[in-house]
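Subject: Handover of a structure and its findings

Dear colleague,

A summary of the findings follows it.

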Amino acid sequence: MNPRGRTGCKSALLFFGIASAALNGCGEQGPESSQVTRIAAAHGAGAVHVAAAHGTAVPASEEINPRLLRRFLPLPDPRIATDGAEAAKVSLGRMLFFDTRLSKSGDVACNSCHALDEYGVDHRKRSLGIGGQEDGRNAPTVYNAAGHFTQFWDGRASDVEAQALGPILNPKEMGATDAASVVSALSSIPGYPPMFAKAFPGSKDPVSFPNVGAAIGAFERGLVTPGRWDSYLRGDANALTAAEKKGLKVFLNSGCMVCHTGAYLGGSMFERVGIVEPWPNQDDRGRAGVTKNDGDKMMFKVPSLRNVARTGPYFHDGSAETLEDAVKAMGRFQLGLDFSSDEADSIVAWLRSLTGELPRTYIARPTLPPGK
Ligand code: HEC
Ligand code: HEC
């Protein structure tokens with residue numbers, strides 16, 4: 001890879017404080033910090049300091065430093081209830097997720113934009129809501145989203161329960177007039193009130209707008225997709241191919257895991273998009289739209305890389321069509337690295353290993369209660 005800025009062990013350790021520099025050369029002497037020094041230090045600094053100078057010529061068979069792997073975690077077990085009110089809530093949430101009657105026009109459901117058999121996305125640059133209106137942002141996947149530290153690209157909802165109420169009332173998405181109209185639409189479908197009563201036994205008014213969010217959220221908490229990557233993290237060295245391990249090394253050597261870290265390889269912090277070079281599309285204020293603080297302009301939630309090979313197009317603005325393009329853009333705009341096609345392909349090979357298993361039974365389309 002071609003570093004665009006000053007490089008070397010010293011600067012890499014200084015700015016990243018990460019073990020990526022420890023991989024090939026600088027490492028064993030270097031202070032392997034147990035804390036990721038956020039790249040925030042480099043914001044606006046102009047010069048780029050990355051651990052890129054060491055190249056990627058590692059034997060493909062070489063295993064990854066286990067201390068580096070500890071930056072990632074296997075997916076937590078979703079622990080899905082099989083009986084009682086909790087199970088009733090999940091099954092109600094599944095129905096609501098698929099029910100187009102939550103939308104004003106009667107033809108848009110959560111599943112329209114987050115197709116569960118398509119890894120939770122619509123594969124559009126921007127989603128289409130009621131009346132074919134285009135959404136302002138690319139739809140992220142709902143798989144594993146419940147585990148993120150916050151919801152939406154800009155973090156304007158704290159959890160999936162709160163998040164679920166947004167799109168129902170969003171005029172460009174499902175366009176319901178207000179919470180009362182949603183409650184009255186659901187109350188008029190004879191099958192729903194008894195299901196809400198079963199799912200929320202303590203509620204005086206079980207069919208309520210917050211309970212709609214609680215049920216959908218309970219269902220979303222089960223949308224977890226473990227795969228080969230989790231087996232690898234649990235110690236099965238053969239769960240990844242040599243080519244995938246090589247790609248993982250390029251990812252680590254480049255410093256990508258400073259932001260894409262943890263169980264979700266993302267979903268744990270906001271970061272600016274366009275740290276080294278300004279992001280070409282400056283239309284979206286990102287987190288600044290929520291905080292009203294100009295310092296948060298172009299800050300977005302670092303997206304999870306779980307299932308990323310199946311969730312294109314990429315970025316909040318849908319500007320990268322392919323994963324190769326997205327990886328190259330990240331190298332350039334976040335890290336100041338010009339990846340060769342081989343390097344980008346190598347990272348992509350590893351990213352493909354992050355595709356997990358869809359929970360086919362859990363996501364099977366339920367029979368919805370008929371209207372009156
Ligand atoms: C018209 C398309 C559309 C519909 C319908 C829709 N969404 Fe979304 N969803 C989006 C878009 C676009 C975003 C990103 C918006 C943003 O971040 O500002 C999003 C974001 C999300 C997120 C946040 C994920 C993350 O990683 O931050 C979740 C969870 C989610 N939607 C669940 C739902 C649920 C539940 C429903 C149904 C109640 C629903 N969506 C209906 C398009 C849609
Ligand atoms: C400084 C933090 C940071 C670093 C370093 C970083 N990323 Fe990102 N990444 C982000 C942010 C923020 C986004 C969301 C940007 C947006 O949509 O505007 C993102 C988005 C992505 C996406 C698109 C995901 C999606 O669902 O749309 C991919 C793929 C990706 N990064 C891979 C990488 C790779 C590979 C590297 C290393 C070459 C890397 N990133 C380095 C912060 C970072």
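The paragraphs below set out the findings, beginning with the chain as a whole.

Please note that this is a predicted model. The chain has 372 residues, of which 46% count as buried. Its secondary structure consists of 15 helices and four strands. Among contacts between residues at least 6 apart in sequence, 71% join residues at least 24 apart.

The surroundings of ligand 2 come next. A total of 27 residues surround this ligand, and the closest of them are Cys256, Cys259, Tyr314, Phe315 and Met330. Sorted by class, the shell comprises 19 nonpolar residues, seven polar residues and one charged residue. Helices α12 (242–254) and α14 (323–335) each supply at least two residues of the shell. Of the elements involved, α14 gives the most, with six residues.

Helix α14 also packs against another helix. Two packed helices are described by the angle between their axes and the distance between the axes. For α14 and α15 (residues 341–352), the axes come within 9 Å and cross at roughly 115°. This crossing of α14 and α15 is right-handed. On the α14 side the contact is made by Leu323, Glu324, Val327 and Lys328, while α15 contributes Ala344, Asp345, Ile347, Val348 and Leu351. The residues of this contact divide into six nonpolar and three charged, with no polar residue.

Most residues other than glycine have a negative phi, and most peptide bonds are trans. In this model, a cis peptide bond joins Gly312 and Pro313, with omega at about -5°. Pro313 lies in the loop between β3 (299–301) and α14.

Two residues other than glycine have a positive phi: Leu265, with a value near 50°, and Met298, with a value near 65°. Leu265 is found in the loop between α12 and β2 (270–272), whereas Met298 is placed in the loop between α13 (288–291) and β3.

Are these two residues buried or exposed? A residue is buried if 20 or more other C-beta atoms lie within 10 Å of its own. Leu265 has 25 other C-beta atoms within 10 Å, and therefore it is buried. Met298 counts as partly exposed because it has 19 C-beta neighbours inside 10 Å.

Yours sincerely

Conventions: Residues numbered from 1 in each chain as written. Chains lettered and ligands numbered in written order. Predicted model: local features only at pLDDT ≥ 70, side-chain atom pairs only at ≥ 80, totals over all residues. Near = placed C-beta within 6 Å. Nonpolar A, V, L, I, M, F, W, Y, C, P; charged D, E, K, R; others polar. Axes fitted to C-alpha atoms, helices over the stretch in contact; angles between N-to-C directions. Left-handed = near helix turned anticlockwise from the far one by under 90°. Contact = placed C-beta atoms within 7 Å. Buried ≥ 20, exposed ≤ 12 C-beta atoms within 10 Å, placed from the backbone.
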